[in-house]
Amino acid sequence: MLKRLKQGLRIAALAVPLALGGTAMAEAEGLKIAMVLPGPISDNDWNSVGYNGLQAAAKALGVEVAYSENISDADAERILRDYASRGYGLIFAHSFSYGDAALNVAEDFPDTTFMAGTAKELAPNLGTYSNPDYQGAYLAGMLGAGASKTKTIGWVGGMPAPNMLANLHAYEAGAKEMVPDARVLHTFIGSWFDPPKAKEAAIAQVEQGADVLSAQGVGVIDAAIAKNVFALGAMTDQNHLGPKVVLTSVTWDLGPLVTAVGKAVEDKSWKSENWSYGIPEGSVKLADFHGLDAGVPPEVLKAVEAKFEAIKSGAFVVPLDTTNAE
């Protein structure tokens, strides 16, 4: 443990109340759930969503959970293997880039269930889960293009993983539905967590005319504040990071999915497949506008709301496009 602390890793077991009250840990023979995350759980973004989902499942199921944050791709296999060897029956590899590590460890621990974020390859005991925030990205594109005065909006993300590509293309499609001649700028910064680089990329887009930015990485909102343009947050309600510029956020509640997977493992009904909870399941939403919707044309807000309801009911299905961006 001391060695890990010196390496800058943080592993924490969380005590949760049992069904009848108290703060004791769940019994050792019960299900234990672990999650490995690529960044800090305080990022108000991808890692916060994972951590909050894990906590929600702990409360709902009354089980012991643990997590490791700031884990590099190179260290992921070692950390996953450590959790499996310590008896964690369900382990979430919460990154688009942990798939190979999870596959390797799953082969050596056939009685442990693994879930990897958007894994390219599955195994009998390795499933995957996707972040269908591309459904919300379509709405964000509509909103961004409708709110833009320049007809130019921006998008800054980490790396061109399938989920990010789906988000980008849906954002573009939503923008084009609202404003057919809208221009959508996009940048992949080549890292899942590099705030200075994300801010630099976003500022470059503003200098090219973008006056609304989709913040698919930490640092974009800082650019929006610096340049006084609108930002559309991601994963959590990020308005508190820029109260005057974060118009709304596409939020993702991972709690229902982690809870459902945990329950399925407990009752032995779990299947190796892609688990996806989006707008129809109530997991992807648009956050409150915090009064900033006053700066958006009413007809745009009405169109976005109508599209949200159409997606929720199944009347409209957002295209899932994961092709490489040009």
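Me: Where is Thr118 found?
Reply: Thr118 is found in the loop between β5 (113-117) and β6 (126-130), where strands are DSSP runs of E with at least two residues, helices are runs of H or I with at least four residues, and both are numbered from the N terminus. This is a predicted model, in which local features need pLDDT of at least 70 and side-chain atom pairs count only at pLDDT 80 or more, while totals for chains, interfaces and linings use all residues. Residues are numbered from 1 along each chain as its sequence is written, and side-chain values use heavy atoms, with hydrogens and water left out.

Me: Is Thr118 buried or exposed?
Reply: Thr118 is buried, since its relative accessible area is 17%; buried means under 20%, exposed means over 50%, and partly exposed lies in between, computed with a 1.4 Å probe on protein chains only.

Me: And which residues does Thr118 touch?
Reply: Not counting residues up to four places away in sequence, Thr118 touches Phe96, Thr128, Tyr129, Ser130, Pro162 and Asn163, with contact meaning heavy atoms within 4.5 Å.

Me: What about Tyr129, where is that found?
Reply: Tyr129 is found in strand β6, and with a relative accessible area of 1% this residue is buried. Leaving out residues up to four places away in sequence, the contacts of Tyr129 include Phe92, Ala93, His94, Met115, Trp252, Leu254 and Trp275, as well as Thr118. By contrast, Tyr129 and Leu213, 84 residues apart in sequence, have C-alpha atoms 27 Å apart in space.

Me: Where does Trp270 go?
Reply: Trp270 is in the loop between α9 (255-266) and β12 (274-276), and is buried, at a relative accessible area of 15%. The C-alpha atoms of Trp270 and Thr113 are separated by 8.8 Å, although the two are 157 residues apart along the chain. Apart from neighbours within four places in sequence, Trp270 is in contact with residues including Thr113, Phe114, Pro124, Leu126, Val261 and Trp275.

Me: Switching to helices: how do the axes of α5 and α10 cross?
Reply: The axes of α5 (residues 134-147) and α10 (residues 298-313) come within 9 Å and cross at roughly 170°; axes are lines fitted to C-alpha atoms, for helices over the stretch in contact, and angles run from 0 to 180 degrees between N-to-C directions. The pair is therefore roughly antiparallel, a label for angles over 145 degrees, with under 35 being roughly parallel, 65 to 115 roughly perpendicular and the rest oblique.

Me: Which residues of α5 and α10 meet?
Reply: From α5, Gln135, Tyr138, Leu139, Met142, Leu143 and Gly146 meet Val300, Leu301, Ala303, Val304, Lys307, Phe308 and Ile311 of α10. By class, this contact of α5 with α10 has 10 nonpolar, two polar and one charged residues, where Ala, Val, Leu, Ile, Met, Phe, Trp, Tyr, Cys and Pro count as nonpolar, Asp, Glu, Lys and Arg as charged, and the others, Gly among them, as polar.

Me: How many residues of α5 are buried?
Reply: In α5, 14 of its 14 residues are buried, so the helix is described as mostly covered.

Me: What span should α5 have?
Reply: At 1.5 Å a residue, the 14 residues of α5 should span 20 Å, which agrees with the 19 Å between its end C-alpha atoms; the expected span is 1.5 Å times one less than the number of residues.

Me: And Ser313, where is its place?
Reply: Ser313 is in helix α10 and counts as exposed, at 58% relative accessibility. Its C-alpha atom is separated by 6.7 Å from that of Pro280, 33 residues away along the chain.

Me: What is the phi of Asn70?
Reply: Asn70 has a positive phi of about 60° although it is not a glycine, and this residue is found in the loop between β3 (64-69) and α3 (73-85). Lys151 also has a positive phi of about 60° without being a glycine, and its place is in the loop between α5 and β7 (152-157). Asn70 is partly exposed at 38%, and Lys151 is partly exposed at 42%.
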